[in-house]
Amino acid sequence: KSVIDEMQLANECIMITLIYIEKLMSTSKIEIRYCNWKPLVFTAILLASKFWEDINFWNVDYEDRLGLYHLKAINRMESEFISLCNYNIYVSAHKFNMYQAQIRQLS
C-alpha cells in the first residue's frame, strides 16, 4: 500500500502536497533528485494532511503505521521543510483553485 492509501488522505491533500513541493523548490532552490524525493514527498504529505484534515495523525502515527522513518527523523524533516518554505505553508483558496483547474485541464 502507498502512504496515501495507508493514511486514507483526501484528494485535496495530494493537491496541497504538490503546492508545498513547488513552494519548497521555489523558496529554497532545492532540486528533487533520486536521493531526496521520498523524504520530500513524505514530509509534504505529512504537512498537507495537518493543513487540510480536521482530524489528523500525529508524527508518531506515521512512524507506527508506515515504518518509513523514525520519529526523530520525521520531526527533523518537518521542521526543516517548514523552515525552507520560510515558515509559510498557508495555501489560499485562490491558489488551491488555480492548481485544481490546471490539473483538470491536464486530465
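Start by selecting S49: leaving aside residues up to four places away in sequence, S49 touches L9, C13, N56 and Y62, where a contact means heavy atoms within 4.5 Å. S49 sits in helix α3, residues 37-52; helices here are DSSP runs of H or I with at least four residues, numbered from the N terminus. S49 is buried, at 0% relative accessible area (buried is under 20%, exposed over 50%, partly exposed in between, with a 1.4 Å probe and protein chains only).

A quick note before moving on: this is a predicted model, where local features need pLDDT of at least 70, side-chain atom pairs count only at pLDDT 80 or more, and totals for chains, interfaces and linings use all residues. Residues are numbered from 1 along each chain as its sequence is written, and side-chain values use heavy atoms, with hydrogens and water left out.

Next, pick α5, residues 71-84. Which of its residues are buried? Colour A73, I74, M77, E78, F81 and I82. Look down the axis of α5: those buried residues fall within an arc of 160 degrees, so they line one face of the helix (the arc uses directions from the helix axis to the C-beta atoms). Their cover includes α2, α3 and α4.

Now the rings: there are 6 aromatic pairs, meaning Phe, Tyr or Trp (six-membered ring) centres within 6.5 Å, stacked under 30 degrees between planes, edge-to-face over 60, tilted for the rest. Show W52 and F96, a stacked pair at 5.7 Å and 10 degrees. W52 is in α3 and F96 in α6, 44 residues apart. W52 is partly exposed at 36%, whereas F96 is buried at 11%.

Finish with F57 and Y62, edge-to-face at 6.0 Å and 75 degrees.

Methods: Helices (H or I, at least four residues) and strands (E, at least two) are DSSP runs, numbered from the N terminus. The expected span of a helix is 1.5 Å times one less than its number of residues.
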